[in-house]
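Please have the structure open as you read.

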Amino acid sequence: MKITEIEAQITDLKAKKAKKVTEVRALATAEDSKVEDVQKGLAEVDDFDKQIETSQAELETLQRAQKLPKIEGGNKVKIDPNKKQETAEVRDFMHYLKTGEKRDNGITTTEAGVVIPKEILDIQKVPTDNINLSAVINRVSVTSGMGTLPILQKNTARLTTADERAENPEIANAVLKGVDYKALTYRGALPLSMEMVQDAPNLKTLLNTYVQEAKELTEQYQIGKILQTATAVSATTTDDLKTAYNKGLANYQRQWIVTESFYNAVDLLKDGNGRYLLQDSIASASGKALFGASVLVVSDDVLGVDGDAKAFVGDPKAFVLEAMRSDVAIEWDHNENFERILAVALRADFKPADTNAGKFITFGSGK
């Protein structure tokens, strides 16, 4: 296939992909959209991406073949495919490192000095908190943007004795609480220039992860707001913490969700025998347990502000309800500005469900 034919093929594929992306975006924001339809559309967009990448690779191979330098006699210079070919920019940069001398033909400079070439400068990203509270709450998929979800409250019913062949006594009625929800739309987009994508191939994958983490952090902080509505408890001593843990939460699956400041304060506490309160636990996300319950550590500002020693103790799955309407990640080419857009959209609502299932502790200085 000729270069012009491949270029035409790539242009056609990009046009088809742009059209499909427009369809998926419209479908994702429609009130009556189905998750499976959106996922099918995204799969078709991914297929266009693969076709474009394949054609682009074929085009680049042909272009490189036509641009190979020649020597006398018409024979092409032999290039070892296993040996990395350095660009003039990289060679001049390495020369600068060795001699301190700048060259004008390859190296890029600014007023502050020499710019590190992209081939040398590895892309780095500050790691984000990988503890996601959405994993420990009750996430329910809903089919409409607003409505009421029935939540079964804590069971207090008991069986009673009955004489032989007597009519079965009734069990106390189950208590259902209706939780109203209205899905809000949380969304954001991150534009990338095509130059950035082409010059740093792994940047797109890196920023796709970045965009997804932004969505997860949105959930994290919304869940944190709900946890803060639990029954408030002040604690200044170890005994106060034990009382908050021991009383009022029977028959719930108790665990601790604590800020870094709370974790640090409690980590310094010891019992009457000189043993630290926090004990090792392989079942806990933090590797520690407090009074036998697992401990999950989050940033201070998830449950308050920086420096707050705050904690939720109880059953977060019973306490927090996330009504999930849709969760979509898409990308599309914005040809007018020669850029690619990465975007995510989350339609959900966060509500307290069983408000008896937890307590919110503010911890002072303890001994």
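The sections below describe a sheet in this predicted model, from its strand order to its helices.

## The sheet and its edges

Seven strands make up an open sheet with mixed pairing, and their order is β7-β15-β12-β8-β11-β10-β9. At the edges are β7 (231-235) and β9 (278-280), each of which pairs on one side only. On average, and with direction ignored, neighbouring strands in this sheet are turned by 35° against each other.

## Around β15

Strand β15 covers residues 358-363. With β7 it pairs in the parallel sense, over five bridges, whereas β12 and β15 run antiparallel and are joined by five bridges.

How many of the six residues of β15 are buried? Five of them are, so the strand is largely enclosed by the rest of the structure.

## The β9 end

Helix α6 (residues 238-246) lies across β7, β8, β10, β11, β12 and β15, and runs at about 170° to β15.

Helix α7 (residues 260-267) lies across β8, β9, β10, β11, β12 and β15. Relative to β8, helix α7 runs at about 105°.

How values were computed
Residues are numbered from 1 along each chain as its sequence is written. This is a predicted model: local features need pLDDT of at least 70, side-chain atom pairs count only at pLDDT 80 or more; totals for chains, interfaces and linings use all residues. Side-chain values use heavy atoms; hydrogens and water are left out. Two strands pair if DSSP finds at least two bridges between them. Helices (H or I, at least four residues) and strands (E, at least two) are DSSP runs, numbered from the N terminus. Axes are lines fitted to C-alpha atoms, for helices over the stretch in contact, and angles run from 0 to 180 degrees between N-to-C directions. Contact means heavy atoms within 4.5 Å. Buried means under 20% relative accessible area, exposed over 50%, partly exposed in between (1.4 Å probe, protein chains only).
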